[in-house]
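Q: Before we start, could you show me the model, so that I can learn to read its features one at a time?

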Amino acid sequence: MAEIFRRAGPAWRRGRDRPDRGRLKVMAAIEACRTAVLGGHLYQCEGCGREHPRYNSCRNRHCPACQGAAARRWMEARARDILPVPTFHVVFTLPNEIADIAFANRRTVLDILFRTAAETLRTIAADPRRGGVRIGGTAVLHTWNQRLLWHPHLHCVVPNGGFDVDTGDWKTGSGRFLAPVKVLASLFRRRFLEELASAHDRGEIVFRSDGGDPDAFGKVLARARARDWVVFAKRPFRGPRQVFAYLSRYTHRVAIGDSRILGFDGETVRFRCRRPKLPGQRKPRYGVETVTTDTFITRFMTHVLPDGFHRIRHFGILANGCRRETLDAARAALGVTEPEPEPHDPADSGASDEARDEEDAAEPLACPHCGAPLRHLREIPTGRPGRPGPGPGRDPPPKASPMASSP
């Protein structure tokens, strides 16, 4: 990804009249990632004497090469919070009409998506006819499909257990199903469209129809109200850890990893993607998509989130403000204890960002030529003499040496 941005990024930026500053910052960070621009550390092999620079990573939340350790810490923390109750994976997907509105109003519409999905789950669970319990869960936003096209949907991991609405006692729900998906979809559709209409009335939604029809927004809502919305709810075959492991791949990065990019010749990009299932097909199909570099960068940049927007949120009895108390009470009722953290868990060590960045290095500190240990010589300062670091609209930094890597 960084190589694509370095070589094709300047042309992509020149082709935009007013490129978004947030996207330019992301592009500049990825271009500079693991190069001399960000500085690093110089090591020397104790065997052959060769010197090896290891440049710092950008730690940008959109970079496909960064924050592997942060993602692992997140997955381990969520795994420690898992309760011995049936847990379900629920996915809320926006239909095309609403996805188009969300594309131009990301912060407002995606906030509504988080809020109404959580409200739907909590309302259905609190219904006395369906258990009458206060539940909670974790929601993670994805805005892409395998082809990197705009496809906003919300993954929720929901334990089917909670506190009785009337008595406050802990109740464990069924392991067969959480709630009928049609009931979830119907309530989600109604509450989402109500909130979207209210946001439009308050002037928080930008909507321009091609024909200038003043009633166009209402017609779009009517079409969305008339169609079935898709809600997926299933108990994961391998348990909630499997879901958290899948979600952790994209909690601290977006859309696509370097492993799926198969080729880049300067003009086109080839990447692996999953194809839609055919009727009667059980296993997914995989193929290769080839697009121009301009199209590829545009698709990737589509998924850059607004500054300060949280793509991971906890709700209900597992919200950040009460999760510790909730889990303690639930474990006491279930007769279990909290799992011990892994030894030297970075999440509990109070390590600095720089120290945690060191953990992102998967390779050991050994010479790639002779295998001997590497000895630290000195730090490499950021940037180059007389040249500032990368920024929006500037030329990309020089390509890192093939020997360079980053902690």
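The turns below go from the whole chain to its helices, sheets and loops.

Q: What should I know about this model before reading it?
A: This is a predicted model, in which local features need pLDDT of at least 70, side-chain atom pairs count only at pLDDT 80 or more, and totals for chains, interfaces and linings use all residues. Residues are numbered from 1 along each chain as its sequence is written, and side-chain values use heavy atoms, with hydrogens and water left out.

Q: How many helices and strands does the chain have?
A: Helices (H or I, at least four residues) and strands (E, at least two) are DSSP runs, numbered from the N terminus. Read in that way, the chain has twelve helices and 14 strands.

Q: What share of the residues is buried, and how much accessible surface does the chain have?
A: A residue is called buried under 20% relative accessible area, exposed over 50%, and partly exposed in between (1.4 Å probe, protein chains only). Of the 407 residues in the chain, 50% are buried. Accessible areas come from the Shrake-Rupley method with a 1.4 Å probe, and for residues only the protein chains shown count as cover; the accessible surface of the chain comes to about 21,000 Å², with 49% of it belonging to carbon and sulfur atoms.

Q: What share of the contacts joins residues 24 or more positions apart?
A: Contact means heavy atoms within 4.5 Å. Among the contacts in the chain with a separation of 6 or more, 74% are between residues 24 or more positions apart.

Q: How do helices α6 and α7 pack?
A: Two packed helices are described by the angle between their axes and the distance between the axes. Axes are lines fitted to C-alpha atoms, for helices over the stretch in contact, and angles run from 0 to 180 degrees between N-to-C directions. Helix α6 (residues 181-201) and helix α7 (residues 216-226) pack at about 175°, with their axes 11 Å apart. That makes α6 roughly antiparallel to α7, a term used for angles over 145 degrees.

Q: Which residues meet where α6 packs on α7?
A: From α6 come R189, L193, L196, A197 and H200, and these meet F217, L221, A224 and R225 in α7. The residues of this contact divide into six nonpolar, one polar and two charged, where Ala, Val, Leu, Ile, Met, Phe, Trp, Tyr, Cys and Pro count as nonpolar, Asp, Glu, Lys and Arg as charged, and the others, Gly among them, as polar.

Q: What is the strand order in the sheet that contains β11?
A: Two strands pair if DSSP finds at least two bridges between them. This open sheet of three strands has the order β10-β11-β12, with antiparallel pairing, and its edge strands are β10 and β12 (285-292), each of which pairs on one side only. Neighbouring strands of this sheet are turned by 25° against each other on average, direction ignored. Three bridges join β10 to β11 (residues 268-275), and I261 stands opposite F271 in β11. Helix α9 (residues 293-301) lies across β10, β11 and β12, running at about 115° to β12.

Q: Why is β2 described as largely enclosed?
A: Four of the five residues of β2 are buried, so this strand is largely enclosed by the rest of the structure. Five bridges join β1 (residues 40-45) to β2, and the two run antiparallel. The hairpin of β1 and β2 has five residues between the strands, and G49 there takes a positive phi near 85°.

Q: Where do R59 and A255 lie, and is each buried or partly exposed?
A: R59, with phi near 60°, lies in the loop between β2 (51-55) and α3 (68-80), and at 34% relative accessibility R59 counts as partly exposed. A255, with phi near 65°, lies in the loop between α8 (240-251) and β10 (261-264), and at 1% relative accessibility A255 counts as buried.

How values were computed. Angles under 35 degrees count as roughly parallel, over 145 as roughly antiparallel, 65 to 115 as roughly perpendicular and the rest as oblique.
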